[in-house]
Amino acid sequence: MFSHIEGRVEEKRAGELVIDAGGVGFLLLCPASTVAAAPSGGGRMRCYTHFSVREDGMELFGFATREERDMFRRLTAVSGVGPRTALGVLSTLSLRDLSIALLTGDASAIARAPNVGKKTAQRLILELKDKVEQADIGEEAGAMVIPESADAAQEAVQALMALGYSGLEANRAVAAVRGKADTADAMILLALKGLGG
């Protein structure tokens, strides 16, 4: 129904923005990143919106970027994940970190979001892993190690995860040393030094 709303930011509260567009104050429910990006003191802002109609009411959700709105829609398309839960996920993890967690199967990172248990996190990974786009990961995507093929980098990532590091930490550590070592053992040693282990 609404693609975006642009206007003056009248109010800025935790999880909410009120944007005055053409004399109408629109209450938008937003992730923390969008509230943080909103200007203070009546500055103008464009929010990309998602309009939700349910039996108990209507809600308008706002996002600073189209990519964030698209991820919100992917999250709410998963069975058992409502709009408030999706907002909690996007408030806990940046779009990039969420995308990496989905790609690497890092359920513990996703489960840090409010009202998201381990089972829900695993369902999100199962259903969204193939829907994460390169743009969601950002410019450093080429440097990230996404464990899909049986190579030395994947082996190093899996070894670090077995040692208790999250998928995100392991991927970042291995990506940082990938050009400095050829074997999994060498990558693990260099990555551990980088992690302070």
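The structure, a predicted model, holds zero disulfides. A disulfide is a covalent bond between the sulfur atoms of two cysteines.

**First stop: Cys 30 and Cys 47**

Please select Cys 30, which takes part in no disulfide. Its nearest cysteine sulfur belongs to Cys 47 and lies 5.1 Å away. Is Cys 30 buried or exposed? With a relative accessible area of 2%, Cys 30 is buried.

Next, select Cys 47. Its sulfur has the sulfur of Cys 30 as the closest from a cysteine, at 5.1 Å, which is too far for a bond, because a disulfide requires the two sulfur atoms to be within 2.5 Å. Cys 47 is likewise buried, and its relative accessible area is 0%.

**Second stop: helices α9 and α10**

Now select residues 167-177, which form helix α9, together with residues 184-195, which form helix α10. Two packed helices are described by the angle between their axes and the distance between the axes. Here the axes come within 9 Å and cross at roughly 110 degrees. The two helices, α9 and α10, are therefore roughly perpendicular to each other. The crossing in which α9 passes α10 is right-handed.

Which residues of α9 meet α10? On the α9 side, please select Glu 169, Ala 173, Val 174 and Val 177. Their counterparts in α10 are Met 187, Leu 190, Ala 191 and Leu 195. Sorted by class, this contact of α9 with α10 comprises seven nonpolar residues, one charged residue and no polar ones.

Key: Residues numbered from 1 in each chain as written. Predicted model: local features only at pLDDT ≥ 70, side-chain atom pairs only at ≥ 80, totals over all residues. Heavy atoms only, no water. Axes fitted to C-alpha atoms, helices over the stretch in contact; angles between N-to-C directions. Helix = DSSP H or I, 4+ residues; strand = E, 2+ residues; numbered from the N terminus. Parallel < 35°, antiparallel > 145°, perpendicular 65-115°, else oblique. Left-handed = near helix turned anticlockwise from the far one by under 90°. Contact = heavy atoms within 4.5 Å. Nonpolar A, V, L, I, M, F, W, Y, C, P; charged D, E, K, R; others polar. Buried < 20%, exposed > 50% of the residue type's maximum accessible area, 1.4 Å probe, protein only.
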